[in-house]
Amino acid sequence: MRTPMLRGLVRWALVPVAALLAVLMAGAPGAHAATDLSTVAAALRENPVYVDPAASDQLSAADAEALADKIRDADKPVFVAVLPADQPERDLFANLRTETGVTGLYAVRSGDRFTARADSAVLSEQAVGNLVTAVRGTDDTKAQLDDFVDSALRSNVGGSAPASWGSSTSDGVPVAGLVTTGVVLAAGGAGAYALVRRRHRQREEERRAALEKLRVVVDEDITAFGEELDRLDFHPGEPGADDAMRGDYERALDSYDEAKSFMAAATKPEEVRAVTQALDDGRFSLARLAARREGRPLPDRRPPCFFDPRHGPSVADVNWTPVGAAPREVPVCAADRARLADGEDPMIREVTTDTGARRPYWEAGPAYGPWAGGYFGGGILPGLLIGTMLGSMMASPAYAAEYGSGYGYGATGGGYEGGDVSGADFDSGDFGGGFGDFGGGGDFGGGF
């Protein structure tokens with residue numbers, strides 16, 4: 001933990017530098033050039049709080065440091081910028097988010113105006129709007145920012161502080177946040193840095209373990225699809241083959257290759273969704289090819305069999321009641337529909353749980369959420385999984401923070417979570433919250 005003596009020495013040592021920089025940057029009385037957002041972004045990548053020299057009368061260095069300490073201690077991706085009143089507002093949030101490149105909750109005080117935006121993986125638009133509304137009537141900058149940050153940190157902000165906040169000098173004393181264009185902010189203590197890094201390592205280890213668990217199941221799925229392609233015994237030049245058949249076959253082959261490539265490149269559990277989505281696309285192409293070869297009507301696009309997506313596209317929805325849960329309609333293949341009609345159990349896909357036991361995938365833990373999401377998409381999953389272990393976990397904020405999203409699957413744009421470096425890879429429409437500009441209207445894609 002950063003000690004008062006260290007803070008005092010750092011602040012004392014840099015006061016002359018800060019004062020000199022302030023004089024050099026001030027120029028003629030009353031003159032001020034708009035702050036370059038790349039400067040603000042560079043500072044925020046190293047520290048939670050930035051105070052522009054031209055707005056230093058709004059928040060003192062000591063108050064900025066205390067606010068930064070609070071955010072660091074909470075280990076949450078909350079960014080605060082205090083800018084001059086004449087800072088241009090057009091596309092400010094979208095550009096600041098792009099320049100900073102870190103998924104998070106961003107709050108800006110410009111003159112006497114205040115608002116905020118957030119990536120949906122970090123905080124919902126409604127939550128951000130409520131937080132902003134609660135502090136909008138506060139004139140005092142320090143009180144307003146303290147209240148906002150305190151409330152935000154109580155609001156299940158997703159993710160962790162970016163690793164860059166813990167960068168340090170060669171002697172191990174973090175100094176990344178000491179100077180932001182001449183303003184002394186906060187220096188992360190060695191203990192806080194170690195804690196943040198430990199949390200990040202633990203989170204990464206958990207994600208790697210979840211991905212490896214998924215890899216076993218997905219490899220089985222990819223192998224099963226490859227075997228389907230082999231059994232098909234279709235040759236593009238065979239008698240009766242036409243361009244439509246060849247197109248279906250080519251799409252199935254492409255899906256097979258995509259699934260293998262996506263899995264090889266996956267580094268996070270949520271990225272498995274693209275793999276199973278590709279397999280689902282491939283099986284639908286095979287179903288169309290089979291119909292053409294047999295002279296049957298082309299099938300409608302339907303989700304795969306709920307009991308085991310390797311069974312291929314479903315043919316109907318049937319009523320089914322899992323153990324200890326309410327009845328619901330689930331999509332089933334022809335074989336499982338016949339089994340259920342005869343009073344038999346369907347052929348259920350079982351996976352290995354943490355205890356080593358084999359259980360249906362919907363009773364095996366949160367890691368299988370992205371796998372199921374690729375097959376069934378976000379829209380129908382709530383109805384299919386309600387009352388099951390996987391359904392309950394996926395609906396929780398903890399699941400969203402760990403695996404990128406809940407039932408929505410992919411709302412974060414690539415599976416990024418709070419504190420991740422996404423660069424410019426974010427949807428400005430998704431980067432929502434607050435209530436538009438300082439007076440209202442708009443979203444995180446267009447100014448305030």
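Which residues does Gly-111 touch, not counting residues up to four places away in sequence? Keep in mind that this is a predicted model. The answer is Gln-58, Leu-83, Pro-84 and Ala-85.

Gly-111 sits in the loop that links β3 (105-110) to β4 (113-118). Gly-111 is buried, because its relative accessible area is 12% and the cut-off for buried is under 20%. Along the sequence, Gly-111 and Leu-83 are 28 residues apart. In space, their C-alpha atoms are 6.8 Å apart.

Next, a helix pair. Helix α3 covers residues 61-74, and helix α6 covers residues 141-153. They pack at an angle of about 0°, and their axes are 11 Å apart. Angles under 35 degrees count as roughly parallel, so α3 and α6 are roughly parallel to each other. Who makes the contact? From α3, we have Asp-63, Leu-67, Lys-70, Ile-71 and Ala-74. From α6, we have Lys-142, Leu-145, Asp-146, Val-149, Asp-150 and Leu-153. By class, that contact has six nonpolar residues, five charged and no polar ones.

Last stop, an arginine. Arg-283 belongs to helix α9, residues 272-294. Is Arg-283 buried or exposed? Buried: the relative accessible area is 3%.

Methods: Residues numbered from 1 in each chain as written. Predicted model: local features only at pLDDT ≥ 70, side-chain atom pairs only at ≥ 80, totals over all residues. Heavy atoms only, no water. Axes fitted to C-alpha atoms, helices over the stretch in contact; angles between N-to-C directions. Helix = DSSP H or I, 4+ residues; strand = E, 2+ residues; numbered from the N terminus. Parallel < 35°, antiparallel > 145°, perpendicular 65-115°, else oblique. Contact = heavy atoms within 4.5 Å. Nonpolar A, V, L, I, M, F, W, Y, C, P; charged D, E, K, R; others polar. Buried < 20%, exposed > 50% of the residue type's maximum accessible area, 1.4 Å probe, protein only.
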